[in-house]
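Hello,

Here is the structure I said I would pass on. My notes on it come after the model.

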Amino acid sequence: MSISTQNSTTSVTTETIVEARDAAFAALAGGFDLVDLSETLGPDSVIWPGAPALQVTEAVQHDTDGYHARIVSTFEHAGTHFDAPEHFVPGGESAADISIDRLVLPVAVIDIREKAAADPNAVVEPADIEAFEAAHGPIRPGTAVVINSGWAARNADVLAYTGSETTEDLKFPGFGVPAAQLLVERGVVGLGVDTLGIDPGSEPLFPVHREVTHPAGLWHLENLVNVDQLLAQGAVLAVGVPRIAGGTGFPTRVFAFVPRT
Ligand SMILES: [Zn+2]
């Protein structure tokens, strides 16, 4: 399969992104609700099979030191987390390199619950994007696109969420390559899923990550929750990825401003 890729950074300009953000914030003027799109990350969270679990060590204690602090060791791609382009592209932008202009932005939510219920490796296809735009208006440059597959409801149950306890035969929905290419062409800045990965479980070579989105400078969010509380269009996403030098990603607080309709 030959996949054409864009230039090494996204072609969307900061002006375009600011324009999209201004329009989205204007729609919040009548009031908004906040939605938390992050799950709590703990040592028992369901993460990528084989990845090291979160480790927590007590460093300083209330009893003996008068205050409390811990040392946390985490895989960068655990729980609700961010993927920076460097995750798959040597020399690509790290989490610390991403400008906040690309972390606060409008979000479009494509509902694929019906097809995901019928096929656990269901993907967003170009036809889904076209149907979405016919119903909810165009996906504008400077937007993030998230899927609602219904998978977040399964995330306390490892087998229901991953489809497998090893990296063999994983099953969860994601984005297909042609749809991801179309969204890069639309000028989308980031993609998000309520599953273990942007590529579906049936794609162990991660073609979207490797060949489409990260080479084009897009970021990802994985293991989102509460995406069903957003609107198809109109909410504003805020992505609080820690600014750790060289970060390939990190567990991230993600929240959204949802206009009251
Ligand atoms: Zn990741």
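Predicted model: local features only at pLDDT ≥ 70, side-chain atom pairs only at ≥ 80, totals over all residues.

Residues are numbered from 1 along each chain as its sequence is written.

Overall

The protein chain has seven helices and 13 strands; these are DSSP runs numbered from the N terminus, helices being H or I of at least four residues and strands E of at least two. The C-alpha trace spans about 60 × 45 × 40 Å along its principal axes. The radius of gyration is 18 Å, which agrees with the value near 18 Å that a compact globule of 261 residues would have. That radius is taken over C-alpha atoms, and the globule rule is 2.2 Å times the number of residues to the power 0.38.

Of the 261 residues, 44% are buried. A residue is buried if 20 or more other C-beta atoms lie within 10 Å of its own, exposed if 12 or fewer, and partly exposed in between, with C-beta atoms placed from the backbone. Two residues are in contact if their C-beta atoms, placed in that way, lie within 7 Å. Among contacts with a separation of 6 or more, 77% are between residues 24 or more positions apart.

The largest nonpolar core has 63 residues, and those touching the most other members are Val107, Val145, Leu183, Val188, Leu224 and Leu237. Such a core is a set of buried Ala, Val, Leu, Ile, Met, Phe, Trp, Tyr and Cys residues joined through C-beta atoms within 7 Å.

Helix 6 covers residues 177-186, and its buried residues are Ala179, Ala180, Gln181, Leu182, Leu183 and Val184. Their cover includes helix 4 (126-136), helix 7 (207-213) and strands 6 (123-124), 7 (144-148), 8 (174-175) and 9 (190-192).

The axes of helix 4 and helix 6 are 8 Å apart, at an angle of about 45°. Helix 4 is therefore oblique to helix 6. Axes are lines fitted to C-alpha atoms, for helices over the stretch in contact, and angles run from 0 to 180 degrees between N-to-C directions. Under 35 degrees counts as roughly parallel, over 145 as roughly antiparallel, 65 to 115 as roughly perpendicular and the rest as oblique. From helix 4, Pro126, Asp128 and Ile129 meet Pro178, Ala179, Leu182 and Leu183 of helix 6.

Just after helix 6, Gly187 has a positive phi of about 85°. Leaving out residues up to four places away in sequence, Val188 touches Ile139, Thr143, Ala144, Val145, Leu183 and Leu218.

Single residues

Asp169, in the loop between helix 5 (158-162) and strand 8, has a positive phi of about 60° although it is not a glycine. Asp169 counts as exposed because it has 12 C-beta neighbours inside 10 Å.

Asn223 is in the loop between strand 10 (219-222) and strand 11 (235-240). Its phi is also positive, near 60°, in a residue other than glycine. With 30 C-beta neighbours inside 10 Å, Asn223 counts as buried.

Ala59 lies in strand 2 (residues 55-60) and is exposed, with 11 other C-beta atoms within 10 Å. Its C-alpha atom is separated by 5.6 Å from that of Ala69, ten residues apart along the chain. Beyond neighbours within four places in sequence, Ala59 is in contact with Ala69, Arg70 and Ile71.

Regards
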